[in-house]
Amino acid sequence: MKRILIIFLIITGSHLARGQENFPVNGVQDERPEIYAFKNATIFADFSSRIIKGTLIIEDGFVKEVGPGVQIPDGAVVVDLEGFFIYPGLIDIYTDYGMPDVKRPEDVSRSAQYDSERKEGSFGWNDAIHSDHKAVNVMKLTEKKAEKFRSQGIGTVLTFLPDGIVRGSSSLVNLIDGPIQESIVIPEAAAHYSLDKGSSSQAYPSSKMGAIALLRQTYYDAEWYRSPLNRKQTNLSLQYFNELQSLPQIFDIENKQDIMRIWETGREFNVSYIVKGAGDEYQRITEISETGLPLIIPVNFPEAYDVANPDDALNLSLEEMKHWEMAPANLSMIESAGIPFAITSYGLKDPEDLLKNIRKAIKYGLSQNGALQAMTETPARLLNADKKLGGLRSGSYANFLITSDSLFSEGTVIYENWIMGKRYVVEDIHIARLEGTYDLVVEDITYELHLTIEKGDLKPAIHINDTTEMKVNADFAGGNVFFSFKPDEEGSLHYRLTGWETADGFRGNGQKNNGDQVFWTAFYRGKTEKKDTVIHKVDQDSLKPGEMIYPFVAYGWQQETVMERVLFKNATLWTNESAGILQSSDVLVEDGKIARVGENLTADNARIVDATGKHLTSGIIDEHSHIALSSVNEFAEAVTSEVRMKDVLDSEDINIYRQLAGGVTVAQLLHGSANPIGGQSAIIKFRWGNPPSGLLIGGADEFIKFALGENVKQSNAGADFVTRFPQTRMGVEQVMADAFTRAREYRESLETYEKLNKKQKKMFPRPRKDLELEALAEILNKERFITCHSYVQSEINMLIKLAEQFGFTVNTFTHILEGYKVADKMLAHGAGGSSFSDWWAYKYEVREAIPYNAALMNEVGVVTAINSDDAEMARRLNQEAAKAIKYGGVSEEDAWKMVTLNPAKLLHLDHRMGSIAEGKDADLVLWSDNPLSIYAKAEKTMVDGIFYYETEKDAERREWIRKERARLVEKMGEAKIKGEKTQKAKKKYRHMWQCNDVMYNNF
């Protein structure tokens, strides 16, 4: 063996950087240049460039030159790395390395703290805005944690304090062991955001929609603050926020739907975020790709669930089971979609699982080049640090790895992690150099000595034949070696040999067991041929992820739903038009619209639906719903008109599908009733399988939720909630009057400013954009309409008078259980009523509710609807409408209009839906019986000409779900048998929102 034995044992001296003269040195300073030449290695200069038998020259912590045939400078320490690989040091772009712990309040949702607790400094009003946080000011070098990162090949991390909605700036740090001043690559490398308020115990925001509203308002405030005309105050929160805008912007999200949410926020302010994902991006890969946002992806794949007990499997949702199977394919799907991405160890229980999980992702289709790019070039480029990091080029940091083989191959060992030219040993590379076959010669007898690496240690054995080996005891330390063996197990001869390494093996002396001295040599012959071992073939079928479904919950579609040309024949039509109920009539649907209504219709290339003996109606419209939302109340303030329900749409809510099965096609998703003035509502169609944006009804008027009564004055909230104004019904009126007074003044200030000429506008500041007052001004301008939660006649009267005082009309009183008392006043004012059918006596303020309410309001002439306000009840709104016949003798047609045409009128959508008429949206339901009958079933539910529910398809879906669950249970059982880690199958309950719920999310 010809090898250069300039081993790394001599590279253990101190590596003082040349700039260190700024610090006192105990002793004589050594400023000699440190030059190393690593030759004959396979070098990956970057993720796509491989150099065979290349040379890497580093000097004083930086790369001087890299390539084939590079001239080695005089005085360089030469390291022969033949057979080894060199890679650029890896970068983890999302860590909290060296950061202090974030102390979170015990129960944010029950906090009654309304003002900031920050008493020092001229900061903003909300404790969740930490734009002044700078990681560089609080970071500590943490060697124990750095060692774990280095063991995974990471040489550089981006670290930040994960606290708040605006989290301040991060630092890009090389993982050296000091001094800290030299570890910093970029002191302020990126700005960080989330929808989690972190350590703030301040009540606002108490919801995800509140977090989004606070962030949006902060952007607007910061923009306003930038103008010198507005400097009547010093606000350090806004000042630092503005300074953050020049940095890369990184946003931490909770799930894939949040990506679309923050993309919309970014578009509003012309900000392109880098999104730290949740590992479920594959579930909405097309929509996420369309955002164009780069991703930072964790590899904390879920462990298999222990389903040995069949009952435990019942605790798991199909979504959880499929995510376990498909999560390792997430990176492959992201790569295939062409989305730029980096990989992070964040979220792993142990950072030392990083490479193991990346290798798992590679088995599931991620390319090795893609993995390397995601840990080198991409994070460096996203942070504008690609001239210093992410590759090995002249002038870049000497951050590199020495490995046994291709970095992401199974069994590859990282031997050393060099950072800024400083060597950090992960595994002993010297041992790797010694591995091989030797001719061991003792007393003229030659033995075949094999040195093999097992679990990081050299294991010696003397090879006798293909089936027999002689045991050898050995010890290797500091270039010295000791061997002990018996040539013949049956005999008494025993050798004890000691020696040292040479250029071509070992030599030394020793003793026999009788005390005689011997001399010995061991000459290197080459690499040991590995024994044939049982190869555990990877079951490729086990690596194939299951079928994708949209949405990623039970009853999701495997194929995209398509619009059809459909002809319903011979149905009983409930038209809700002047024609009334028609017998044996036909409806033709084309391009998502009702094309024709009549008898004996024909149509080419149409799907024929025989509706003989069945009833065809327009889809049910629920005027008051809280499904398909990830939060429902921003309860922290009395006026929260700035929050928007469309910011928290949850298109994965199974209640959409369940309600389609009950004939519901449209709903208004309202803010809850925790405050007098709540948030802006969202009106959606039940387009099951679409992303959140695909549910919204384009062109619909804008609405907002108001509330009166016990909930808004926190009558039943307990002793923690006695400080928020209002606490009385009188106070509710004053809150609303004050809000509209401020909104009117705000509107007037905007109008006054817009009347100024260009020269005058340069002299006067533009009024600060106020999202809360903006929404209220839209009410005054008749651009936004109120749906008001209400019960007691005195409060209903109050709001009517208040509205007339400020010149607007209350569009709808919802619940309105004392509407029968004030129906005439509602009619005169122009308000509609959306009532419960027969709810009463469930709390004190409804003690005078009666089931005749809807019928009495309808008789007076008020546009009357019946709503659910309940995910379960909405599945039977047809039966709720029928109660108006029992309680009040309403006609069948009028009763049916209460859940179809009348709510369409209240939502200003009756020109598009609510009846069967040519040109209207094809939102139709085919019933098995009279839709007001308790025996009626919705057999087909169509939205915009697409069947989103059919009983036949539902039966098919149930069978597919049964088989899919059985397949996944079997697969998880096999994973456990193979020794994979498992977790307990715990039941997760999805909360069904009610008006007064104050949870942050719905799990």
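Trainee: How many residues lie between E1 and E2 in their hairpin?
Mentor: There are 2 residues between E1 and E2. Keep in mind that this is a predicted model.

Trainee: And in which sense do E1 and E2 pair, parallel or antiparallel?
Mentor: Antiparallel, over 8 bridges, with E1 covering residues 35-46 and E2 residues 49-59. Ile-43 faces Ile-51 of E2 across that pairing.

Trainee: What does E2 do with E3?
Mentor: E2 pairs with E3, residues 62-68, also in the antiparallel sense, through 6 bridges. Gly-54 is opposite Pro-68 in E3. The E2 and E3 hairpin has 2 residues between the strands, and Asp-60 there has a positive phi near 50°.

Trainee: Switching to helices. At what angle do H4 and H5 pack?
Mentor: About 95°, with the axes 9 Å apart; H4 is residues 208-226 and H5 is residues 236-244. An angle from 65 to 115 counts as roughly perpendicular, so H4 is roughly perpendicular to H5.

Trainee: Which residues make the contact?
Mentor: On H4, they include Thr-218, Tyr-219 and Arg-226, and on H5, Leu-238 and Phe-241 are among them. By class, the contact of H4 with H5 has 5 nonpolar, 3 polar and 3 charged residues.

Trainee: Next, the open sheet. What is the strand order?
Mentor: E34-E36-E37-E38-E39-E40, which is 6 strands with mixed pairing.

Trainee: Why is one side of E34 and of E40 left without a neighbour in the sheet?
Mentor: Strand E34 (677-680) and strand E40 (864-866) are at the edges and each has a single partner strand, so one side of each has no neighbour in the sheet. From one strand to the next, the twist averages 25°.

Trainee: How do E38 and E39 run?
Mentor: Parallel, with 4 bridges joining residues 812-815 of E38 to residues 832-835 of E39. Thr-814 is opposite Ser-834 in E39.

Trainee: Which strands does H17 touch?
Mentor: H17, residues 729-754, packs on the sheet and touches E34, E36 and E37. The direction of H17 makes about 145° with that of E36.

Trainee: Last one, Thr-617. Buried or exposed?
Mentor: Thr-617 has a relative accessible area of 0%, and buried means under 20%, so Thr-617 is buried. Thr-617 is in strand E31, residues 615-618.

Trainee: What does the side chain of Thr-617 make a polar contact with?
Mentor: The side chain of Trp-927, at 2.9 Å. Beyond its neighbours within four places in sequence, Thr-617 has contacts including Trp-574, Trp-896, Ile-916 and Pro-931.

Conventions. Residues numbered from 1 in each chain as written. Predicted model: local features only at pLDDT ≥ 70, side-chain atom pairs only at ≥ 80, totals over all residues. Heavy atoms only, no water. Pairing = 2+ DSSP bridges. Axes fitted to C-alpha atoms, helices over the stretch in contact; angles between N-to-C directions. Contact = heavy atoms within 4.5 Å. Buried < 20%, exposed > 50% of the residue type's maximum accessible area, 1.4 Å probe, protein only. Polar contact = N/O pair within 3.5 Å; in protein donor to acceptor, adjacent residues only side chain to side chain. Parallel < 35°, antiparallel > 145°, perpendicular 65-115°, else oblique. Nonpolar A, V, L, I, M, F, W, Y, C, P; charged D, E, K, R; others polar.
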